[in-house]
Amino acid sequence: MRRMGNQPRGLIEALHTVQEIFGYLDLDALRYVAASLRVPLSRAYGVATFYHFFTLKPPGEHTCVVCIGTACYIKGAPLLLDELKQELGVKPGQTTPDGKVSVLGARCLGSCGLAPAVVYDREVAGKVTPQALRRRVMQWKSHVS
Amino acid sequence: MSPEELEQIVEAERERQAQFKHTVKVCVAAGCVSCQSEGVKSALEKEVSRRHGEAECQVKGVGCMGLCAEGPLVAVGDRALYQHVAEGDAPAILDSLEGPSVDRLNCPTDVPFFQKQQKIVLENSGNIDPERIEDYIAAGGYSALMKVLGEMTPMQVIEEITRSGLRGRGGAGYPTGLKWSTVSKAVGERKYVICNADEGDPGAFMDRSVLESDPHRVLEGMLIAAHAIGASEGYIYVRAEYPLAIKRLRTAIKQAERLGLLGSNISGSRLTFHIDLRLGAGAFVCGEETALIASVEGRRGIPRPRPPYPAQEGLFGEPTLINNVETFANVAPIIRNGGAWYAAIGTEKSKGTKVFALAGSIKNTGLVEVPMGTSLRQIVFEIGGGISEGREFKAVQTGGPSGGCLPAQFLDMPVDYENLAKAGSIMGSGGMIVMDDSSCMVDVARFFMDFCMSESCGKCIPCRAGTYHMHAILDKVTKHLASAHDLSQLEELADLLKNTSLCGLGQSAPNPVMSTLRYFAEEYRAHVEEHRCPAGVCKNGPKDGKQ
């Protein structure tokens with residue numbers, strides 16, 4: 001924030017930094033950012049909810065991002081989402097009630113050569129089958145930490 | 001940095017390269033990185049140092065080599081290209097430096113995929129190390145900037161770009177020379193250059209690849225533009241979803257600043273130019289220039305009516321030049337070789353080359369660069385290697401959610417801005433998704449409408465409500481619940497959105513629907529009248545008894 005001279009124009013950058021550190025944007029963080037940059041809280045909230053990249057909910061212990069770009073869609077991403085819904089009972093954007101796994105949908109990871117692609121935590125996996133996906137997610141679920 | 005100093009860097013770098021007997025190049029762009037190419041690179045490095053051959057053999061990370069489907073790719077000098085390389089292959093590859101190549105890894109390079117391409121934007125991709133500015137300079141980088149600063153007036157630069165016939169590669173195809181001259185004539189306290197790297201089209205990854213493989217090329221293009229229009233500040237608006245591209249851009253900017261290629265009084269001239277990054281946050285509409293400007297200013301990415309165009313009133317109310325990554329990437333070669341050279345490539349109205357990202361049901365998924373006017377058949381069947389798994393070609397989708405689906409009858413059409421528009425699609429940024437007979441076109445149309453619906457910023461009603469309704473109807477069609485009346489309403493809505501939406505997102509959102517209605521009417525009819533999906537994708541019909 002200081003790098004941007006505490007200017008209102010640095011709002012998006014500031015939110016990026018907060019989300020990078022805390023994993024999500026809670027109300028306290030939004031209040032703090034808005035006050036430091038001297039923008040109304042409504043604007044900070046507006047920006048945070050406008051962009052898909054920002055999330056106001058804490059993420060689960062693990063995240064599973066399914067690419068639903070065109071190439072992945074054609075190569076079977078909907079089947080992967082069905083699998084997750086069956087196994088975990090969650091849809092993209094939701095976290096399992098035990099807080100273990102968050103499922104997200106991505107608008108194209110740009111790894112179309114690997115379609116359908118899934119990002120497990122931070123690692124990209126290509127040509128994912130519903131079976132492989134289930135194995136991986138079940139591992140997370142059963143893993144006691 | 002003076003031209004002489006630049007020459008010294010070229011000499012020094014060439015000498016450095018010459019001391020190595022062998023060069024092993026490993027692709028470190030995102031496609032290959034996601035198949036663990038970095039592990040391959042460190043395995044190769046370890047193996048080289050184990051053999052005490054560091055002085056003889058260098059292992060170099062390079063940008064995208066194009067054939068992303070076969071990654072990780074490793075090239076040994078000009079002699080061989082290896083595909084699907086694993087860490088355990090390192091000893092075999094190093095053995096092959098002095099002997100015959102490793103047959104089981106060989107990727108044939110005498111095929112149309114490599115032979116039929118013409119590389120301008122991607123000339124350095126796969127050859128230079130994207131994280132070393134010296135490598136870019138040795139490949140002729142920044143010489144165009146020196147030429148511009150030393151020998152050309154801003155007017156001459158604009159004339160050269162105009163002569164080249166270069167058109168905006170973001171999709172709309174606005175003549176770049178004209179845009180530059182408008183901004184240069186506009187009056188303002190300061191002017192800005194923005195590079196649009198918010199590649200939002202699902203299925204398009206050209207810009208990302210250019211940024212990851214050759215970031216300095218984009219900086220050089222922006223610098224030349226700054227000189228031409230008299231700007232002092234530049235921004236690159238890049239998607240936050242591309243961490244690798246962001247990292248490489250940051251490195252590149254630091255390196256250019258260190259050498260005095262960015263900063264005050266560059267090369268002793270009057271040009272002062274700084275570049276900063278702005279991260280997008282996942283909003284497709286921010287590819288629209290007025291929305292992008294709002295986002296750079298730290299606000300919600302919502303477009304505003306034009307005029308005034310950004311060329312007059314853009315970022316912070318000042319004249320602003322916005323071009324796409326690929327457009328900027330074309331600038332340096334045009335200055336180096338002249339506008340006439342560029343204008344000799346391509347068709348009458350669309351000059352130069354275009355990079356396409358081939359994906360979907362195609363054998364050679366990856367990045368290709370071909371002259372404008374190449375036919376779809378050549379791109380899909382010769383270069384792309386045809387449809388995968390012996391299925392049948394059904395359609396090719398260009399331009400992402402704003403483009404259309406073209407059936408087989410257009411395969412022999414030369415690809416340029418005008419022809420694609422005539423056929424009901426658009427050039428777009430260059431994503432090309434190939435579909436086979438297992439895809440249902442109604443389902444595809446619904447998929448794109450779902451995308452537009454959730455990406456609509458909500459400012460204007462035709463787009464906000466129109467995309468919602470169109471999606472609802474398409475959803476009904478895929479569930480076999482629609483009637484003929486729904487189809488005619490779909491067409492009416494498409495017309496409404498096209499003519500009354502505020503920005504490009506809404507205006508082009510009906511394109512996938514209209515093109516599929518036009519070319520694949522049979523499929524819609526089968527869904528509506530016979531309650532069946534010819535491709536077998538839409539199953540939730542009343543006939544199946546599910547739901």
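In the predicted model, helix α19(B) passes helix α20(B) in a left-handed crossing, a crossing being left-handed if the near helix is turned anticlockwise from the far one by less than a right angle, and right-handed if clockwise. Helices (H or I, at least four residues) and strands (E, at least two) are DSSP runs, numbered from the N terminus. Two packed helices are described by the angle between their axes and the distance between the axes. For α19 (residues 461-478) and α20 (residues 484-500) of chain B, the angle is about 155° and the axes lie 10 Å apart. Axes are lines fitted to C-alpha atoms, for helices over the stretch in contact, and angles run from 0 to 180 degrees between N-to-C directions. The two helices, α19(B) and α20(B), are therefore roughly antiparallel; angles under 35 degrees count as roughly parallel, over 145 as roughly antiparallel, 65 to 115 as roughly perpendicular and the rest as oblique.

On the α19(B) side, the contact is made by B:Pro462, B:Cys463, B:Gly466, B:His469, B:Met470, B:Ile473, B:Lys476 and B:Val477. The α20(B) side supplies B:Asp486, B:Gln489, B:Leu490, B:Leu493, B:Ala494, B:Leu496, B:Leu497 and B:Thr500. Two residues are in contact if their C-beta atoms, placed from the backbone, lie within 7 Å. By class, the residues of this contact between α19(B) and α20(B) comprise 10 nonpolar, 4 polar and 2 charged. Ala, Val, Leu, Ile, Met, Phe, Trp, Tyr, Cys and Pro count as nonpolar, Asp, Glu, Lys and Arg as charged, and the others, Gly among them, as polar.

Helix α19 of chain B also contains B:Ala472. This residue, B:Ala472, counts as partly exposed because 14 C-beta neighbours lie inside 10 Å. A residue is buried if 20 or more other C-beta atoms lie within 10 Å of its own, exposed if 12 or fewer, and partly exposed in between, with C-beta atoms placed from the backbone. The C-alpha atom of B:Ala472 is separated by 8.7 Å from that of B:Arg446, 26 residues apart along the chain. B:Phe114, located in helix α5 (residues 112-115) of chain B, is likewise partly exposed, with 17 other C-beta atoms within 10 Å. Between the C-alpha atoms of B:Phe114 and B:Ala357, which are 243 residues apart along the chain, the separation is 15 Å.

Chain A contains 6 helices and 5 strands, arranged along the sequence as α-α-α-β-α-α-β-β-β-β-α. Its C-alpha trace spans about 50 × 35 × 20 Å along the principal axes. Of the 145 residues in chain A, 43% are buried. Among contacts in chain A between residues at least 6 apart in sequence, 60% join residues at least 24 apart.

Between the chains, 30 residues of chain A are in contact with 35 residues of chain B. On the side of chain B that touches chain A, at least two residues each come from α2 (30-33), β9 (353-360) and β13 (431-436) of chain B. The most is given by β9(B), with 3 residues. This side of chain B divides into 16 nonpolar, 14 polar and 5 charged residues.

A:Ala115 and A:Pro116 are joined by a cis peptide bond with omega about -10°, and A:Pro116 belongs to the loop between β3 (101-106) and β4 (118-120) of chain A. In chain B, a cis peptide bond with omega about 0° joins B:Pro307 and B:Pro308, the latter residue, B:Pro308, lying in the loop between α13 (289-296) and β8 (320-324). A:Asp121, although not a glycine, has a positive phi of about 50°; A:Asp121 is in the loop between β4 and β5 (123-125) of chain A and is exposed, with 10 other C-beta atoms within 10 Å. B:Asn265, also not a glycine, has a positive phi of about 45°. B:Asn265 is placed in the loop between α12 (243-258) and β7 (274-279) of chain B.

The model scores ipTM 0.91 and pTM 0.94. For chain B, the mean pLDDT (the predictor's confidence in each residue, from 0 to 100) is 93, and 99% of residues reach 70 or more. Residues are numbered from 1 along each chain as its sequence is written, while chains are lettered from A and ligands numbered from 1 in the order in which they are written. As this is a predicted model, local features need pLDDT of at least 70 and side-chain atom pairs count only at pLDDT 80 or more, whereas totals for chains, interfaces and linings use all residues.
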